[in-house]
Amino acid sequence: MIDIVAVLRAEDAVLDFLSVLTAPESIHRQDEGHEVHVLLGDTAEHLVLPAGLPLAERLAAVARHIRPVDESALSPGPQALATLIEAAARGAEARLWTHSPADTRRSRGRLGRDAAAAVAPGGPPVLHAVGHSPYLQFISDLDRPLDRAEVEAKLAFVNRHCGHLLRTESAEYVVRTGRVHATERFFAAGTAEERERLFALLASLDEDAASVPDPWEFATSAYEAERLDSTVAWIAGHCPPGSGPLVEVGACEGALTARLAEKGFTVHATEPNPAFRRRLTEAVGDTVRVHPASLEELAARRELPAAAYLLIEMLYYGQDLALLDRLPAGLVFVALEPETLATRLTPWLESAPHWEKAGETPLVAPALETVCGGRAYLSKRGSVGVLLRRTGA
């Protein structure tokens, strides 16, 4: 059996896959022919660790490939990885180990997705390391606790060869306690769709978020259904259908838009992402006018006067809240999770000369919920609606 470890950089092979690198006399006692191939995505290097090589020598071989922090390091793509994997397997029985598509370090997540996509049907089975995943709890298929000697070897490797990663400020590369695992956990993503959903789930505003339909699973989530239904009821309570058009900013694929249209609201839905906008248009048909404008463009052009603007779960990304002053409406509905509301909107509102809080409404309570077909679960943080009224100051 050949183990093939496909990683972005050399240190990843030790931080997330030490149990795979470990020599046969440890966890592979029954596999005297154990051979490991390490594929480095950033340099396209192929490192062979032959059977019988002691762990210290394996780690020393990997250490020779440690490089400085390089924010430009990227996955070489499925085709290049397929070539490397095929050369490593040489037609023998093999397993492929690689990063999780949902690794919070996007460079690693992309390589994990690409490496799995590189494997042809009938090729080596693929196991993903849970890796760095502070937002998701994974249901793993294989857990490998390291013994004290193996943990000490991992720590010594980091201290001796990765000092620059202990000191760096780079979120992609910094090595802290939570990234040095004493138990290495792995899962097998059953389908390409599952891998794509895991990758998209962590993409946030990145273009990759739109790589699959409904990346946040609004259509199947009980939590999201309650949040959306409560949001519609909250809006209708202050600005009922017929009182004027609504402008929904960042409508995504139209989960809220469709509900508003069904209640009789006149809605202008804006979505700058072309893939989301295409799905939004397909979802709402002729019942809603769809626009490509971002919040910044809406504020600059002032071309869509409305009874109210809806900023629902979208002020998480550093937008300048002063943009609200230029929106052509006297009411703005804002929905945010409680912590962001307290740390971002409330302090701004205390000194905003043109707005006052006209009401605050809990929309949905926090909950734990599974995602990606039950592969993982996460905390949904709750949502609070705040109605802002222009003061005319």
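Leu 368 belongs to strand β15 (residues 367–371), a strand being a DSSP run of E with at least two residues, numbered from the N terminus. The model is predicted: local features need pLDDT of at least 70, side-chain atom pairs count only at pLDDT 80 or more, and totals for chains, interfaces and linings use all residues. Residues are numbered from 1 along each chain as its sequence is written, and side-chain values use heavy atoms, with hydrogens and water left out.

**Exercise 1.** Determine whether Leu 368 is buried or exposed, and state which residues make the nonpolar surface patch of about 310 Å².

*Solution.* 
Step 1. Buried means under 20% relative accessible area, exposed over 50%, and partly exposed in between (1.4 Å probe, protein chains only).
Step 2. Leu 368 counts as exposed because its relative accessibility is 65%.
Step 3. The patch is made by Ile 139, Leu 368 and Tyr 377; patch residues have over 30% relative accessible area and no salt bridge, with nonpolar side chains (Val, Leu, Ile, Met, Phe, Trp, Tyr) joined within 5 Å and like charges within 9 Å.

**Exercise 2.** Describe the salt bridge between Lys 380 and Glu 369, then the one between Arg 95 and Asp 3.

*Solution.* 
Step 1. A salt bridge is a side-chain nitrogen of Lys or Arg within 4 Å of a carboxyl oxygen of Asp or Glu.
Step 2. Lys 380 and Glu 369 meet this rule at 3.0 Å, N to O.
Step 3. Lys 380 lies in strand β16 (residues 376–380) and Glu 369 in strand β15, so the pair ties together parts 11 residues apart in sequence.
Step 4. Lys 380 counts as buried because its relative accessibility is 12%, and Glu 369 counts as buried at 15%.
Step 5. In the other pair, the closest N and O atoms of Arg 95 and Asp 3 are 2.8 Å apart. Arg 95 in strand β4 (residues 94–99) and Asp 3 in strand β1 (residues 2–7) are 92 residues apart, and the pair links distant parts of the chain.
Step 6. Asp 3 has 0% relative accessibility and therefore counts as buried.

**Exercise 3.** State how many residues line the second largest pocket and which lie nearest its centre.

*Solution.* 
Step 1. On a 1 Å grid over the protein atoms alone, a pocket is an open set of points where a 1.4 Å probe fits, with protein on both sides within 12 Å along at least five of seven lines; lining residues have an atom within 4 Å of a point.
Step 2. The lining has 15 residues, and Val 130, Gly 131, Ser 133, His 181 and Arg 185 lie nearest the centre.
Step 3. Strand β8 gives the largest share of the lining, 3 residues.

Methods:
Helices (H or I, at least four residues) and strands (E, at least two) are DSSP runs, numbered from the N terminus. Accessible areas come from the Shrake-Rupley method with a 1.4 Å probe; for residues, only the protein chains shown count as cover.
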